[in-house]
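Look at the structure first.

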Amino acid sequence: MKVFLMHEDKDFDLQRKMPQWKEVVQDLELNVLFDAMAKEDDFFREVSEAAILSPLSDVKSILYRQEILKDCLANPSLIKEMYDISLESFDVEKNTFFGFFSRYPIGMLDSSVKAMTMLVKTLKKLRNIADEKSGKFHSKGFKRFFNMVKNELSDEYFEEVEKHLETLEFKNGMLISADLGMGNKGVNYTLRKPNEEKKRWISKIFSKREEEFTFRIAERDQNGAKALSNLKERGINSVANALTQSVDHILSFFTVLKTELAFYLAAMNLYDSLERLGEPLSFPVPHDIGTSIHEFKCLYDPSLALTLNKKVIGNDLKANGKNLFVITGANRGGKSTFLRSIGIAQLMMQSGIFAPAEHFSSSISKKIFTHYKRKEDEKMESGKFDEELRRMNKIATDLVPHSMVLFNESFSATNEIEGSEIAKEVVLALKEKDVEVFFVTHMYEFAHSMYEKHFDDAIFLVAERLEDGNRTFKIKEGKPLQTSFGIDLYERLFEK
């Protein structure tokens with residue numbers, strides 16, 4: 001039995017994460033997002049991190065998850081019920097599988113019979129949902145899942161399993177056969193199916209008994225009892241192993257079901273949290289790698305909204321065919337927030353969930369990296385600028401064409417002339433390798449030099465203050481500003 005609710009053809013890998021994911025989590029403040037998804041459930045958080053930080057790389061896979069999530073949002077109570085059913089299987093494992101005697105065939109068989117008996121009840125609950133509620137689900141993933149449940153967990157399956165479990169209780173003793181080996185030692189011990197008595201009761205009374213040989217062990221014959229126990233264990237060993245493997249298979253199925261449903265429940269938690277704040281949410285439109293599509297309306301930073309616990313300003317942009325985005329403007333004008341919203345939305349889209357926007361459409365990136373200016377760290381063994389260059393070198397080793405790199409005030413730890421020259425060389429090298437670049441900067445020399453090249457695939461954005469009586473900015477297309485520090489300082493000193 002296969003779940004296939006995260007991928008069409010394979011189980012979800014809880015251990016897989018993108019390169020340099022720790023830097024991405026720190027720079028995009030993803031821990032806020034993970035907290036909202038987890039709601040203090042450590043397992044939800046683990047699954048959320050693994051899914052967000054292992055982006056999908058094709059349109060088909062993204063849409064596959066989107067459709068499943070839509071089903072989940074339409075049937076939240078049923079998804080929770082299935083998740084709770086999967087949790088029951090772990091109670092079975094805990095209560096039946098960890099006894100001392102389960103190390104021996106007899107104990108192993110006893111534990112496995114008890115576990116399978118309980119698991120059959122759990123499987124029947126899942127089958128009931130498939131029978132009664134599967135019509136409420138429309139995604140390819142859930143349709144396949146429920147069809148699998150109906151086919152694999154048929155009435156005939158349950159009847160056969162229950163019959164075997166009843167037989168394995170050995171109410172009338174065990175029937176074991178063996179061959180004689182070297183020195184008349186027993187070999188090839190095999191547990192046999194008990195003989196079925198088909199005679200009527202009156203025939204049993206008056207019919208001649210078949211000749212049989214019986215050997216009885218005295219009550220205090222410890223060696224004889226031990227020998228008999230060894231014979232039983234040899235006979236049931238293969239059956240005990242087979243049943244244990246069957247139990248493991250079912251537990252493995254429930255483990256995957258638990259993991260994959262946990263992701264969708266976590267996504268639903270995030271959806272509810274953002275919807276409660278009145279923030280727009282939409283299912284993004286992914287485009288193939290290399291198509292250079294970037295189009296969104298009211299795109300916002302969900303981590304900021306969750307931190308402030310209120311609706312925040314969103315941004316609009318239509319920049320299809322562009323691979324270089326240079327963002328300048330006033331200090332504290334929302335440039336870094338805008339950059340985070342781009343990165344988070346891209347990761348959310350490529351994990352197969354909704355986007356924090358009224359509309360979001362973007363090309364898929366093969367890999368996503370962040371390179372943000374760091375605060376002074378006492379543990380740094382060298383200067384901030386050297387540390388920036390080392391991080392850039394690490395990114396370069398993992399880069400592939402059609403990746404995305406988000407720069408925030410990068411290379412500004414040195415003087416503007418040197419920093420601008422390095423930033424320019426890095427960006428030009430990335431452009432040659434078909435890497436999408438978003439670059440927030442105060443270095444006018446760098447921004448202006450890029451602007452003067454008149455690249456067809458470049459767009460320049462500025463943080464523009466709105467005329468609303470508040471210190472509110474939106475990101476709009478515009479020529480790079482020469483500086484923002486003086487203007488910002490003036491406003492902070494004289495506009496209060």
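Across which strands does helix α12 lie? Helix α12 (residues 335–350) lies across β3, β4, β5 and β7. Its direction is at about 75° to β7. Axes are lines fitted to C-alpha atoms, for helices over the stretch in contact, and angles run from 0 to 180 degrees between N-to-C directions.

## Basis of the values

This is a predicted model, in which local features need pLDDT of at least 70, side-chain atom pairs count only at pLDDT 80 or more, and totals for chains, interfaces and linings use all residues. Residues are numbered from 1 along each chain as its sequence is written, and side-chain values use heavy atoms, with hydrogens and water left out.

## Chain overview

The chain has 16 helices and twelve strands. Both are DSSP runs numbered from the N terminus: helices are H or I with at least four residues, strands E with at least two. Of the 496 residues, 47% count as buried. Buried means under 20% relative accessible area, exposed over 50%, partly exposed in between (1.4 Å probe, protein chains only).

Accessible surface comes to about 26800 Å². Carbon and sulfur atoms hold 49% of that surface. The areas come from the Shrake-Rupley method with a 1.4 Å probe; for residues, only the protein chains shown count as cover. Among contacts (heavy atoms within 4.5 Å) with a separation of 6 or more, 75% join residues 24 or more positions apart.

## The four-stranded sheet

Four strands form an open sheet in the order β3-β7-β4-β5, with mixed pairing. Two strands pair if DSSP finds at least two bridges between them. The edges are β3 (285–287) and β5 (315–318), and each pairs on one side only. Neighbouring strands are turned by 20° against each other on average, direction ignored.

Strand β4 (residues 294–299) pairs with β7 (residues 359–363) in the antiparallel sense, over four bridges. H294 stands opposite S362 in β7. β4 also runs antiparallel to β5, joined by three bridges. There, F296 has L317 as its bridge partner.

In a regular strand, side chains alternate between the two faces of the sheet. On β5, N315 and L317 make up the covered face. D316 and K318 make up the uncovered face.

## Aromatic pairs

The whole structure holds 17 aromatic pairs. Rings of Phe, Tyr and Trp (its six-membered ring) pair if their centres lie within 6.5 Å; planes under 30 degrees apart count as stacked, over 60 as edge-to-face and the rest as tilted. F145 and F253 are stacked, at 6.4 Å centre to centre and 10° between the planes. This pair links distant parts of the chain: F145 is in helix α7 (residues 140–152), F253 in helix α10 (residues 222–276), 108 residues apart. Both F145 and F253 are buried.

Why does the pair F407 and F439 count as stacked? The ring centres of F407 and F439 are 4.8 Å apart and the planes are at 20°, so the pair is stacked. F407 is in strand β9 (residues 404–408) and F439 in strand β10 (residues 436–440), 32 residues apart. F407 is buried at 0% relative accessible area. F439 is likewise buried, at 0%.

Ring pairs also link F137, F142, F145, F146, F253 and F254 into a cluster.

## Charges over rings

A charge sits over a ring if NZ of Lys or CZ of Arg is within 6 Å of the ring centre and within 35 degrees of the ring normal. The charged end of K70 sits over the ring of F283, 5.0 Å from its centre. K124 lies over the face of F158, at 5.6 Å from the ring centre.
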